[in-house]
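User: Please examine the arrangement of helices and strands in the structure shown here.
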Amino acid sequence: MIEVDHVTKRYGEKVAIEDLTFRVQPGVITGFLGPNGAGKSTTMRVILGLDRADAGAATVNGRPYRDLRAPLHDVGAMLEARAIHTGRSAYNHLLAMAQTHGIARSRVTEVIEMVGLEQVARKRAGGFSLGMGQRLGIAAALLGDPEILILDEPANGLDPEGILWIRTLLKRLAAEGRTVFLSSHLMAEMAQTAEHLVVIGKGRLIADTTVSEVVAQASLGTTVRVRTPDPEGLRRALARDGVQISGRERDVLAVNGLSSAEVGEAAAAVGVVLHELVAEQASLEQAFMALTGGQVEFHAGAPSTDGTAQEVAA
Amino acid sequence: MSAVGVSEPPARTTTPEHGVTLAGVLRSEWTKLWTLRSTRWSLLFAFVAMAGLGPLVAAVQMSRWSQLQAHDRLTYDSLNTAVGGYHLSQLAIGVLGVLVISGEYSTGMIRSSLMAVPRRLPVLWSKVIVFAIVSFVLMLIASLISFYAVQAIVTQHHVQHSLGDPGALRTVIGAALFQTGLGVLCVGLGAILRNTAGGIATFVGLLFVLPGISAILPASVDNAISPYLPLSAGTTVASHTFDNPHHLTIWGGFGLFCAYAALAVVLGAVNLLRRDA
């Protein structure tokens with residue numbers, strides 16, 4: 001388990017993260033989501049003891065990272081920025097890491113095979129493509145067979161095959177009961193990988209929620225597009241509290257607040273002919289934008305969740 | 001690189017908790033040192049320079065022996081010639097000392113190092129110990145090779161020394177000691193500055209520019225200052241006889257040099273602990 005407790009980190013005048021509190025539970029993949037520059041990497045660096053928090057504390061299994069006796073067995077991490085000497089081969093990089101903990105050479109070979117780098121393991125890491133560099137970073141993270149994995153943008157630079165590979169790997173690692181914490185700025189990627197979500201923006205916590213909740217939020221904003229030769233008749237049939245109807249074209253209505261089934265049933269009840277009935281679901285990216293955008297509005301002292309949901313549909 | 005499906009499970013071996021040990025970190029730093037091409041070339045250069053420059057100079061001197069002035073023949077010190085290779089090898093040792101740590105900052109490797117050893121200081125100690133041992137052993141072997149080669153060359157004019165002569169063994173070992181101290185000093189500079197260019201500039205400035213500045217000061221000031229400058233303090237131990245009468249005692253000078261090196265390492269350690277990586 002990772003606990004971040006009221007952590008604040010400044011770089012000079014700039015506040016990178018402010019009073020951030022959340023927990024990452026074992027057994028599920030927790031996504032760490034936020035726009036670029038939101039403070040995701042900083043938070044991870046504080047958890048890993050690379051940067052010192054100005055206030056608050058981050059712990060791993062109840063202890064500050066710096067106090068871990070065998071950190072590579074507790075936590076495997078891959079940072080977004082490369083953390084490999086460009087002149088050293090992948091094998092020797094992993095070997096040097098392993099030796100600090102007395103991890104056997106056989107394990108080095110094992111993780112190299114696990115990430116599929118056998119062909120290039122003896123080549124200088126400086127010549128690696130972005131995708132190969134990511135695989136090497138993941139190999140380093142897996143070296144100590146850790147309970148906790150912290151990965152900063154692991155899908156970065158991977159081809160679709162590589163993304164599928166890492167998604168499968170992470171899901172299996174979580175299923176084994178490990179804590180998996182990974183950051184991304186792509187909601188769609190998270191939706192397919194993570195179960196839990198920690199969302200930050202401008203260094204502050206925006207949401208600590210589940211992916212399914214966010215998806216549900218997104219579907220709240222579903223717009224039903226309906227084409228009918230009798231738009232007026234349909235308007236009358238659908239008119240009720242909480243339903244918004246707008247006409248885009250003369251014979252097309254956009255309905256908010258009802259499912260497509262409800263619209264179809266209402267039309268059938270009054271005998272209005274429908275030529276087309278489509279539910280247009282707001283994308284996850286839009287839900288994410290609403291989530292982060294809503295928080296900004298909240299700071300300005302404004303609206304309710306309904307307002308947010310409608311904005312999604314807009 | 002193609003496996004989409006994850007083949008074998010990552011064997012959740014209930015790990016016997018090894019944990020970080022100083023021995024492990026030392027082994028890791030040993031691996032790091034030798035697995036970079038730049039390191040191997042620098043060390044090879046230092047070795048060849050230390051072993052080869054003395055004999056080369058001795059051969060030239062012997063071939064021109066008859067043209068030397070009587071005073072030069074009388075004061076000719078084949079031991080100083082034998083260890084003279086340090087004038088060249090020290091450059092490689094110093095630069096490599098800086099690179100041992102600044103190279104980790106420039107590539108980002110330091111983050112991997114500190115994630116594996118979050119207490120941080122063992123990383124610095126291990127770098128210092130490994131680089132000191134490697135520098136000492138290599139420079140000692142090279143110094144001995146140079147000593148025997150030079151003595152063989154200068155026998156023709158009967159100005160040779162044996163290792164048993166007063167100060168001879170100390171001078172030969174001293175050349176290795178000086179460069180070991182220099183290597184440690186430069187690892188310290190690397191840890192303080194975290195930057196290759198800055199570290200090398202500081203190393204060159206402290207060792208080679210300061211004496212030049214001191215030399216343009218009035219002689220009385222220069223004579224008072226120069227013995228305490230790092231290069232002249234450090235090389236006392238690698239000198240059999242002195243041209244310049246203004247120098248510290250052999251062990252006093254080297255002791256001061258070691259104190260400079262220790263200071264650099266301590267400041268580097270404080271920096272490593274305090275600053276974000």
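User: In which handedness of crossing does H3(A) pass H4(A)?
Analyst: This is a predicted model, in which local features need pLDDT of at least 70 and side-chain atom pairs count only at pLDDT 80 or more, whereas totals for chains, interfaces and linings use all residues. Residues are numbered from 1 along each chain as its sequence is written, and chains are lettered from A and ligands numbered from 1 in the order in which they are written. A crossing is left-handed if the near helix is turned anticlockwise from the far one by less than a right angle, and right-handed if clockwise. For H3(A) passing H4(A), the crossing is right-handed.

User: How are H3(A) and H4(A) oriented to each other?
Analyst: Helices (H or I, at least four residues) and strands (E, at least two) are DSSP runs, numbered from the N terminus. Helix H3 (residues 90-100) and helix H4 (residues 105-115) of chain A have axes 9 Å apart and pack at an angle of about 135°; axes are lines fitted to C-alpha atoms, for helices over the stretch in contact, and angles run from 0 to 180 degrees between N-to-C directions. Angles under 35 degrees count as roughly parallel, over 145 as roughly antiparallel, 65 to 115 as roughly perpendicular and the rest as oblique. H3(A) and H4(A) are therefore oblique.

User: Which strands stand at the edges, each with a single partner strand?
Analyst: An open sheet of mixed pairing holds 6 strands of chain A in the order E5-E6-E7-E3-E8-E9; two strands pair if DSSP finds at least two bridges between them. Each edge strand has a single partner, so one side of it is left without a neighbour in the sheet. The edge strands are E5 (75-78) and E9 (204-210) of chain A.

User: Which residue of E7(A) stands opposite A:Leu151?
Analyst: Strand E6 (residues 148-152) and strand E7 (residues 179-184) of chain A pair in the parallel sense over 5 bridges. Opposite A:Leu151 stands A:Leu182.

User: Which residue in the turn of the hairpin of E1(A) and E2(A) has a positive phi?
Analyst: E1(A) pairs with strand E2 (residues 14-24) of chain A in the antiparallel sense over 7 bridges, and A:Tyr11 has A:Lys14 as its bridge partner in E2(A). The hairpin has 2 residues between its strands. A positive phi of about 65° belongs to A:Gly12.

User: Which residue of E4(A) stands opposite A:Val4?
Analyst: Strand E1 (residues 2-11) and strand E4 (residues 55-60) of chain A run antiparallel and are joined by 5 bridges. Opposite A:Val4 stands A:Ala58.
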